[in-house]
Amino acid sequence: MPTRRLVPWLLVAMTLTVVGTDGTAREAPAAAPVPSAAVAPPTAMDALAGPAGPADLEVMTFNLRYAADRTPGSWAQRRPAMRAVLTTERPDLIGTQEGLAAQLADIRADLGTGYDYLGAGRDGRDRGEHMAIFYAKARLAPQQSGNFWLSETPEVPGSISWAANHTRMVTWALFADLTTGRRFYAVNTHLDNVSENARRHAAQLIRERLAGFEPLPVVLTGDFNTPARSSSRVYHLLVDEAGFRDTWTAAARRGPAYATIHNYGPLIPGGERDDWILTTPGVTALATLMNTYRLGTQHPSDHLPVQARLRLPRDGCFRGGLVHAQAGEDARAVLQFEQC
């Protein structure tokens, strides 16, 4: 993960007594103060699971809540809290939802020159909400990237289908990990908040699109607007049928569970988890948490960011592909994965 700055906090001065040639003891001139650097406070992930190993990949999914002027919860009010949580955690990869172009520019400025992002607005170019993927440039190098829309015409920006309440889309990127040399896909989305039919079709389209990728690990982040349980059709399609692993349930260490949507109110222990980090088999989930940071009483967003510490498999130890449904089932493509 990116190097975190060390903050000087203590000045150490030494007093030295010397003896002259006449046998008289006297105090030598004080040495210049020596700065001592304090170790930066641990991130939420470090507090849960200890320091990351060199090969560990820190991932976050975060619905930013689009920038608006109305209060409470205006972007001007929330930006300091957003800056604080992101610059403290400094994930290697952040899948964001709802960010507007100017808001994303603010976040990039707050993160500093070590970060950049990929993605287009859902209404085309920089218009509308983005599914932007932020990445730490010292750790990850994008090799390819693109967008598609969750509709019957996925290549048409702004297209909408299946009675969705809003235009929905996916941003994806193929990254090279500059630390390990491994490659993987990051895929980021935001499913519809009203139509279950639209969410179901969107999940199936994501499966079909990912089947055309190289057989490499995939990290799928998003606000899926549906609970993470098998009774949810979207969760069933992606996890139970397609074989994605839910890092929240798979992780060796896990923080307290809350509803990931709090709408600036009290946190709800054990509530509905709509924000997920999924991976293909072979990716190890070492730890996961929901970050409950507030700056005073101000939450950064109306969602909690969800974080996972992952370890990618070695190249050549992952296979995946497109197969066809068995006879008697609806004719459709099915994405399946297996670990070597």
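What follows is a short chat about a predicted model.

Reader: Which residues touch the most other members in the largest nonpolar core?
Author: L150, Y185, V187, L238, F244 and W276 do, in a core of 31 residues. Keep in mind that the model is predicted.

Reader: And which elements give two or more residues to this core?
Author: Among the strands, β10 (169-177), β11 (183-190), β12 (218-223) and β15 (275-279) do. The helices α4 (196-210) and α5 (233-241) do as well. The most comes from α4, which gives six residues.

Reader: What is W276 in contact with, leaving aside its neighbours within four places in sequence?
Author: W276 is in contact with L220, T221, G222, F224, T226, P227 and A228, among others. The list also includes V234, Y235 and L238, as well as T61.

Reader: Which residues does the second core include?
Author: V59, Y135, L140 and W248 are among them. That core is separate and has 24 residues.

Reader: In what sense does β5 pair with β17, parallel or antiparallel?
Author: Antiparallel, over six bridges, with β17 spanning residues 306-311. Opposite M60 stands Q307 of β17.

Reader: And with β6, parallel or antiparallel?
Author: β5 and β6 (residues 93-97) pair in the parallel sense, over five bridges. N63 has Q97 as its bridge partner in β6.

Reader: Which helix does the chain go through from β5 to β6?
Author: Helix α2, residues 75-89. The β-α-β crossover is right-handed.

Reader: Change of topic. Where does N147 lie?
Author: In strand β9, which covers residues 140-149.

Reader: Why does N147 count as partly exposed?
Author: Because its relative accessibility is 25%, and partly exposed begins where buried, under 20%, ends.

Reader: What does N147 touch, not counting residues up to four places away in sequence?
Author: N147 touches G119 and A120, and also M169, V170, T171 and W172. With T171 there is a polar contact between the side chains, at 2.7 Å.

Reader: How many residues apart in sequence are N147 and A173?
Author: They are 26 residues apart in sequence, and in space 8.9 Å apart, C-alpha to C-alpha.

Key
Residues are numbered from 1 along each chain as its sequence is written. This is a predicted model: local features need pLDDT of at least 70, side-chain atom pairs count only at pLDDT 80 or more; totals for chains, interfaces and linings use all residues. Side-chain values use heavy atoms; hydrogens and water are left out. A nonpolar core is a set of buried Ala, Val, Leu, Ile, Met, Phe, Trp, Tyr and Cys residues joined through side-chain atoms within 4.5 Å. Buried means under 20% relative accessible area, exposed over 50%, partly exposed in between (1.4 Å probe, protein chains only). Helices (H or I, at least four residues) and strands (E, at least two) are DSSP runs, numbered from the N terminus. Contact means heavy atoms within 4.5 Å. Two strands pair if DSSP finds at least two bridges between them. A crossover is right-handed if, with the strands pointing away from the viewer, the path from the first strand over the helix to the second runs clockwise. A polar contact is a pair of N or O atoms within 3.5 Å; within protein, one must be able to donate a hydrogen and the other to accept it, and residues adjacent in sequence count only if both atoms are side-chain atoms.
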